[in-house]
Amino acid sequence: MPDKKALRIALVGRPNTGKSSLFNRLTGLNQKVGNYPGVTMERTTGLAKWAPGVLAEVIDLPGVYSLHASSTDEEVVMDALLQEAPEERIDRVIGLADGTNLKTCLFVFSQVLDLGIPAVLAVTMRDEMERRGMELKTEELSETLGCAVILVNTRTGDGLDALREAVLRAEPSPKLPFFQPGGLHLRWLAQVQEDQSMAMPYRAWLWGLKESQKPHSTTLQQPPQRARTDEAIQRYRQVNQWLRDFFEADPVKDRRWTARLDRVVVHPVWGSFILFGLLFLLFQGLFYGSEAPMNFIDDQLAALSTWLTSVGPPGFLMHLVSKGVLPGIAGVLMFIPQIALLFGFISLLEESGYMARVVFIMDRFMRPFGLSGKSVVPMVSGTACAIPAIMSTRNMENSRERFLAIAVTPLITCSARLPVYALLIGLVIPNSSFLGMNFRGVVLLALYALGFVAALAGSAILNRWMPAKKTPAFLLEMPPYRWPQGRNVITSVWNRTKSFVTEAGKIILAISILLWFLASFGPNKAPDFTQERAPLAIEESYIGHAGKAIEPIMAPLGFDWKVSVAVVSSFVAREVFVGTMATLYSVDDEDNATIRAQMAREVDPRTGQPYFTLAVGVSILLFYAFAMQCMSTFAVVARETQSYRFAIIQFLVLGLLAYGVAWVAYALLS
Amino acid sequence: MFLSDLPFGHTAIVLQTPDSLPVKLFEMGCMPGEEIELAFYAPFQDPMCFKVQGTLISMRRDLAQIIPITEPDAR
């Protein structure tokens, strides 16, 4: 709970002004990541003690180009700044300005000043300004703005003490207003102020223009045309005057590196090569880079489990811990290496300025599917695992696109499907080749392709079918290239990992214990926990009964009761299919070849032929390609969308889709 | 002449724009009277990125096609 006495300080500025660097500097690792009410957008706050008896709650608002709402970002910022309730009100604003690109930054800051909130302007990129021969007369600018102007360096921490001090001392600017609506606009504004009894003209202006955009706003008179446009023109005129008076730059040294790099990085041909190279690197990194730490975690937990069973006699509690709690913990810890790697990578892309270029290059390709270039990252990381991939959608600003990406990412072939695919392909696809192509390899490749096609097609369909809200125009600034700051990368990785463990982790653990219960207890027989082996034969357990109960439903797909049981228990994670099959066919070791041999011997009682025909195999393969059988994905979706409803609907829709596709395939092949 | 026709190595001035354009464009710094230059474009020349007021702003081609500009000057 935020301390009531804490001074609420908001960071406001354009994107790419070093806002998160300053935020990390001001708060350290004491950050809290949450959501803004009603929108799926991340809200980061941090508490820090700034002076004896002064607690500062710093709020990192999204980067915006203007306080007027063009998208959810601006809406969030405007709502925060317009809050009047004492416990929600913003007490101070730190305005961020990139010293090498002051013009557009001062534009937003002059809007903030007009709200009458005590504010300080922090000018970042001080080192770069010096390198490029830029000079800002801070004292004169401060005099004109009526607020402190502090040069800061987020890399070294220079200027931060002065900034804190200035924030504590800040008062509303006496130089207001910086924008004067004229004629019709003024008359409209006066009306809004009177109707809503708002004393501050610019508050009424912002609020009124926002309300009038709502489709059924009857309480408010429509504002005259070009209100925002006139404001922009007037403000820019003023900002240009300030810059002429107080700013000097050496044009020769300006922006050379970014322009030079961009000649290659966003080149229509080379740019695409570089992008695909990086995405390949990401794929490789997630697949192989996380292997060793994941194996380590797996081994440690297995050792812990063995040690546990050695210290005490088998019993209810022992079984609960070793088969319910520990696998749940494993299910949380196992994802940490991939999540950390992916967010480290994304953070590097964002920090360096390359992410905006990814969006730029991929925009044309992703547009037909309702996605922007940003969704390339979750799509590619989804081939390793849907968990980090779905978490990576947090970096998307557009909530509609984020919704689409979360909805379809589980369709991408993740690494947990591989053991299932390997087992079944080995079972039903002949190991022969045609024109030098091995059938098994072709089928595996086709399944991968199917994952991508299904995800993109699904997104296109959802995009068509979703009620079309006015989508914000695609306008994107390409930030200059910068060296990433290690501090920011580490903070990002830490925050993401922490929120996964503490939030999605809880859900995963709970589901794991529930599934343990369903697998260990049954309706008719009491479980026996005194033995080394499973307390109940799997067919006696609730899961076994559920599998048998749904057998008639699954029959059109060609699934017998054993496959049905394996499908049900696969909700823990898809690869559990292999283990369950091993148990059901009484194979002791989980070696693929042994299970396969045993399964190949299974005879269909109706035909007397082998049960696992091509039709059955393909049917199961397709079912696993589409169904969302993964409790961790379910948990992460629920967490990221802040909605169990979304997760449940997604689970049901993908399940039905899987059922339909498997049915058709089985009917065609048998 | 429209922004989408601006060739590399030339600059032009943004003319009075129709009211239907997103205001965000103005607020980002791309407004009438400002000098504008093509910086680079993505495959298929869409989206395109322009340099205006010291900022690189990228937009889709359909938007650049309705922003009027003066006759380009070679730099």
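The model is predicted: local features need pLDDT of at least 70, side-chain atom pairs count only at pLDDT 80 or more, and totals for chains, interfaces and linings use all residues. Residues are numbered from 1 along each chain as its sequence is written, while chains are lettered from A and ligands numbered from 1 in the order in which they are written.

Start with chain B. It has 2 helices and 5 strands. Helices (H or I, at least four residues) and strands (E, at least two) are DSSP runs, numbered from the N terminus. The order of elements in chain B, from the N terminus on, is β-α-β-β-β-α-β. The radius of gyration of chain B is 11 Å, close to the 11 Å that the globule rule gives for 75 residues, so chain B is as compact as a globular protein of that length. This radius is taken over C-alpha atoms, and the globule rule is 2.2 Å times the number of residues to the power 0.38. Along its principal axes, the C-alpha trace of chain B spans about 25 × 25 × 25 Å.

Burial comes next. A residue is buried if 20 or more other C-beta atoms lie within 10 Å of its own, exposed if 12 or fewer, and partly exposed in between; C-beta atoms are placed from the backbone. Of the 75 residues of chain B, 44% count as buried. Strand β2(B) is mostly covered, with 5 of its 7 residues buried.

Now follow the strand pairs. Two strands pair if DSSP finds at least two bridges between them. β1(B), residues 10-13, pairs with β2(B) in the antiparallel sense over 3 bridges. Here Ala12(B) stands opposite Ile36(B). On to β3(B), residues 48-52: β2(B), residues 35-41, pairs with it over 5 bridges, again in the antiparallel sense. Phe40(B) has Cys49(B) as its bridge partner, and Tyr41(B) stands opposite Met48(B). β2(B) and β3(B) form a hairpin with 6 residues between them. In the turn, Phe44(B) has a positive phi of about 65°. The loop between these strands also holds Pro47(B). The peptide bond from Asp46(B) to Pro47(B) is cis, with omega near -5°.

The sheet crosses into chain A. Its 6 strands form an open sheet in the order β12(A)-β4(B)-β3(B)-β2(B)-β1(B)-β5(B), with antiparallel pairing. The edge strands are β12(A) and β5(B), and each pairs on one side only. Helix α15(A) packs on the sheet, touching β12(A), β3(B) and β4(B). The direction of α15(A) makes about 145° with that of β12(A). Axes are lines fitted to C-alpha atoms, for helices over the stretch in contact, and angles run from 0 to 180 degrees between N-to-C directions.

How wide is the meeting of the chains? In all, 29 residues of chain A are in contact with 28 residues of chain B. Two residues are in contact if their C-beta atoms, placed from the backbone, lie within 7 Å. On the chain A side, the elements that give two or more residues are α3, α9, α15 and β12. The largest share, 5 residues, comes from α9(A).

Turn to helix α14(A), residues 336-352. At 1.5 Å a residue, its 17 residues should span 24 Å, and its end C-alpha atoms are 24 Å apart, which agrees. The expected span is 1.5 Å times one less than the number of residues. The buried residues of α14(A) include Leu341(A), Leu342(A) and Phe345(A). The buried residues of α14(A) pack against several helices of chain A, among them α11, α12 and α21. Just after α14(A), Gly353(A) takes a positive phi of about 95°.

Some loops of chain A deserve a look. Asn16(A), between β1(A) and α1(A), has a positive phi of about 65° although it is not a glycine. Asn16(A) is buried, with 22 other C-beta atoms within 10 Å. Ser197(A), between α7(A) and α8(A), has a positive phi near 40°. Ser197(A) is exposed, with 7 other C-beta atoms within 10 Å.
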